[in-house]
Amino acid sequence: KGGIQMNIGFIIYLIAGYWATGETIYANKVVFYTGISFFITRLAIALLIGWILIPAAIIKRLLLH
């Protein structure tokens with residue numbers, strides 16, 4: 001039971017991190033990538049520094065909207 005909850009939490013963390021990466025690092029930028037490399041790059045950034053980007057994106061969203 002604990003493993004399933006941990007997996008669901010990890011998936012939620014990755015989704016939130018992916019969103020936060022787009023809201024912070026890639027906001028208002030034009031990027032050129034081929035194939036799936038953009039997705040993989042954003043997912044890797046979300047995995048590594050999502051714990052910083054998620055609160056920053058939420059704060060940015062609350063202050064600007």
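Q: Helices here are DSSP runs of H or I with at least four residues, numbered from the N terminus. In which helix of this predicted model is Arg42 found?
A: The model is predicted. Its protein chain has two helices and zero strands. Helix 1 covers residues 2–24, and helix 2 covers residues 37–64. Arg42 is found in helix 2.

Q: Which residues of helix 2 are buried?
A: Buried means under 20% relative accessible area. An α-helix has 3.6 residues a turn, so residues three or four places apart point the same way. In helix 2, the buried residues are Arg42, Ala46, Gly50, Leu53, Ile54 and Ala57.

Q: Which side chain of opposite charge is nearest to Arg42?
A: Arg42 is buried yet has no salt bridge. Beyond its neighbours within four places in sequence, its contacts are Tyr18, Trp19, Thr21, Gly22 and Tyr26.

Q: Which residue forms a salt bridge with Glu23?
A: Side chains of opposite charge can pair when their charged atoms come close. A search of the whole structure finds one salt bridge. Its closest N and O atoms are 2.8 Å apart. The partner of Glu23 is Arg61.

Q: How many residues apart in sequence are the parts that this pair ties together?
A: The salt bridge joins Arg61 and Glu23. Arg61 lies in helix 2 and Glu23 in helix 1, so the pair ties together parts whose separation in sequence is 38 residues.

Q: Is Arg61 buried, partly exposed or exposed?
A: Buried means under 20% relative accessible area, and exposed means over 50%. Arg61 has 34% relative accessibility, so it counts as partly exposed.

Q: Where is the kink in helix 2 centred?
A: Helix 2 has 28 residues, and a straight helix would reach 40 Å. Its end C-alpha atoms are only 30 Å apart. The helix has a kink of about 90 degrees, centred on Ile49.

Q: What is the phi of Asn28 near?
A: Asn28 is found in the loop between helix 1 and helix 2. Its relative accessible area is 83%, so Asn28 is exposed. Most residues other than glycine have a negative phi. Asn28 has a positive value, near 60 degrees.

Q: What share of the residues of the protein chain count as buried?
A: The C-alpha trace spans about 45 × 35 × 15 Å along its principal axes. The accessible surface comes to about 4,900 Å², with 75% belonging to carbon and sulfur atoms. The chain has 65 residues, and the buried share is 20%.

Notes
Residues numbered from 1 in each chain as written. Predicted model: local features only at pLDDT ≥ 70, side-chain atom pairs only at ≥ 80, totals over all residues. Heavy atoms only, no water. Salt bridge = Lys/Arg side-chain N within 4 Å of Asp/Glu carboxyl O. Buried < 20%, exposed > 50% of the residue type's maximum accessible area, 1.4 Å probe, protein only. Areas by Shrake-Rupley, 256 points an atom, 1.4 Å probe, with all protein chains shown as cover. Lys, Arg positive; Asp, Glu negative; His and termini not counted. Contact = heavy atoms within 4.5 Å. Expected span 1.5 Å × (residues − 1). Bend = angle between axes of the 7 residues up to and from the residue.
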